[in-house]
Amino acid sequence: MTDCPMMNRRRVLASAAGLGLSVTFLGRPALADTDSALDKRKLVVVICRGGMDGLSVSPPVGDADYQGLRRGIAYKPEDVLKLDGTFGLHPALTSVHALALQGQARIAPAVATPDRARSHFEAQDVLESGSAQVYATTSGWLNRALEALPASRKAQGLYVGATTPLILRGKVQAASWSPGKGVDETARLPTLLQDLYRTDPLMGPAFARGLETESMAQAAMTAMAPPVGPDGQAAPGMMAPGVGGRGGRDAARKLGATLAGFMVQDGGPRIAAISLDGWDTHAGQAGQINTRLTYLDAVLSGLNTGLGDEWKNTVVVTVTEFGRTARVNGTNGTDHGTASTALVLGGALKPGGIIGDWPGLAQPALFENRDLAPTLDMRSLFKGLLADHMGVDRAALEARVFASSADARAVTGLV
Amino acid sequence: MSLPSKDMMAALAVTRFGLGARPGEIETARRDPRGALIGQIDGRGADQPQDNPETSAQRFVAMRAYQELRREARDDGDPKTVVVQQANRAIREKAAGDFLARARLGAGTPDGFRERWALFWANHFTVSGTKELTAVMVGPFEQEVIRPHAFGRFEDMLVASTTHPAMLTYLDQAQSVGPGSLAGARSGRRGLNENLAREILELHTIGIEAGYSQTDVTEFARALTGFSVGRETEDRAGQFVFRENIHEPGARTLLGKTYRDDEIGQGLAVLKDLAAHPATARHIAFKIARHFVADDPPPALVARLEQSFLKSGGRLDRVARTLVEAPEAWEPAATKFKTPYEFLISSWRLIGAQPSAYERITVPLIGLGQRGFSPPSPKGWSDMAGEWCSPDGLIKRLQWSQAFAAVVADRLDPNQAAVAALGARLTAPTAQAVARAETRSEAVALLLMSPEFQRR
């Protein structure tokens, strides 16, 4: 990023402080940046639930073993959107590919949580809690990151959906929102209810945050009309896996644009999460994953366009609880595996190649002769983004946001 | 541990163990709150929402016929013909009818505990409408698997679930082929699918804390090969079939025990052992305690339920009775937060009515994140307050409560309704807020949104 005022200030600081200090400074952009730049930074985490198949998201068509392992569900080199000599993107990821060509989207092709049980629920717990062990804590790492931000740069967290997922649960009351009729926060009833909820530790803070979010919703919604589909059902915040075709894609794009609509407002959330379901492709994978990736691409495209000028301050990361078996199974699908692909996008991202190493698909390289082997701990990716992009204090990051994660060293240089 | 007053117990019996109070219900339960619940435990099973319902086999065949019609229309280049759309609507309406019937039973039954118990097991053995073929069989699955066995033996419910077309299609078992079976060897392409085997271990029986390996999962998946569903062209269309030609031959070893090849008997023997496994008793005891009593349930309650399950050989009527008799289950502080379905059903119960049309219940459920018959994963709906008590969830509940109250308030005395709905659980601040409301409809909305009505 070549933000001029910031660079000037950095240069001024460096010359004033002398060479030795300036090197340290420049090596730690989180500290070198001024608060006024940092307090615009935005992070969106897209959780793809069900175990997203990384080998379909970014097919390693240049890997000699790929076609043999995937057989009938392998993509041919000419079918994918080319990234480099090894990887392409799935043909449905056209918006992501366009961003990649501008250096604003990269892949981490072999990333995994520290969990190896191949259970959806255990792995989602570890992914969202950010702990090394399953069910070790009841708060989520994005919530602890909100907690760790200094008072001068406090950020709001938002989840788009009717419930609150673990990743945003914790001490800081995060907002959640999905399309609906709207409530007038100044009306009598909400005020009376706030009184009744005063002693309820859950309902009180949740309701207060809900009312605040409602007051932002009107502006955010301008990006998406109508909020509820003509059948009264297919509201974007709660896309049913059954919603197909163009309608589903438009709804997904509006979902991304609406989330962006919240984030661009003054005082709007700077940390947000959304979930997309339906990635558990045990059978007939090709069709299902095409639909799901079409939606994912549309959500990301909606975010990109909706954020407009703020895109330059944003990083979006899409993650899943685990990847899937390297080999096709007996029903043209894949079973629960280990490493998968994370997509990292945003105007704040530095251009570059793949993030982390590619272990390859040769049989000895497979994890337990079955799955793509992980070369990058997901926490390393998150830690790098929280430190360098969001300016979360490194000590707090190690001690509280990702406790016991010393072996997962932060990926640096992404922004 | 001492028990609360009779008045408090009556309120808890109807609201915590049941689905909320219909008018007069708490008063009726007052004489013998525990007896009122024990009397609902019925060895014949839970109530059926519909008389003479369609079977899962009929639904399977109907869905296949619809899919064939749709395929032909696509091949003809005209996928949206009137005929296809009508067929689509007809088949959707079947599933919608099942859901409405279930909601009406929940809102109308005097035996709320019996229904809650059935709903717990339906969520334990989740099948979901997120898959098209399964979607039309969710209702029949509850009728054929859950409700008949709700107070029977756990093993019977487990076997019924594992051999039911809804489960076999939802978790991909129907297509799983043993690589060394006749069909597997011949095709060389079709093979194992371990989805159902894994979820039986993790979710239905011993739970992941029990500790098992990938090898255990794979071995179980091999043992289950052959468990399938009759195709629409076969005699047993849409019913369970065991296909010998796709069953993986040979003995299987899992959890340290070897099972000889006995065709269908091999998979059934594994299920029998899993049902009797001590880890299963622990896993299920914890889930019951969490569902009915507290997100972090008292260990003493979990231990009681576990012992009851083990000692009775997994008899669910005994386990239900143990729950009702446990003093820990009667703690007056209500920490459970109602799921959207529980909230809506209890609101209809409050006014002594039932939802009259599918849309009345399904549209708000979608907004509240609990689309009917469609849990997002085989784990089923969450039982945790932190998940449901979200900012957006509360706003949506308020919106719905205002709309509901506007329609029903005229026929209610809000002060009486508050007492009838909550009994001794009604707190002074809520009673006061209801009494001081500006309008009847504001009073009813306040009651519906009060902490003690939202919790149980």
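## Basis

Two residues are in contact if their C-beta atoms, placed from the backbone, lie within 7 Å. Of the contacts in chain B with a separation of 6 or more, 71% join residues 24 or more positions apart.

This is a predicted model, in which local features need pLDDT of at least 70, side-chain atom pairs count only at pLDDT 80 or more, and totals for chains, interfaces and linings use all residues. Residues are numbered from 1 along each chain as its sequence is written, and chains are lettered from A and ligands numbered from 1 in the order in which they are written.

## Chain B overall

Chain B has 25 helices and four strands; these are DSSP runs (helices H or I, at least four residues; strands E, at least two), numbered from the N terminus. Its C-alpha atoms fill a box of roughly 75 × 60 × 40 Å along the principal axes.

Buried residues (20 or more other C-beta atoms within 10 Å of the residue's own, placed from the backbone) make up 57% of the 456 residues in chain B.

## Helix α5 of chain B

The buried residues of α5(B) include B:F99, B:L100 and B:R102. The buried residues of α5(B) pack against α6 (112-124), α7 (132-135), α8 (138-149), α18 (340-350) and α19 (358-367) of chain B.

The axes, lines fitted to C-alpha atoms over the stretch in contact, of α10 (residues 188-196) of chain A and α24 (residues 440-449) of chain B come within 11 Å and cross at roughly 40°, an angle taken between N-to-C directions on a scale from 0 to 180 degrees. In α10(A), A:L189, A:L192 and A:L193 meet B:E442, B:A445, B:L446 and B:M449 of α24(B).

Technical notes:
A residue is buried if 20 or more other C-beta atoms lie within 10 Å of its own, exposed if 12 or fewer, and partly exposed in between; C-beta atoms are placed from the backbone.
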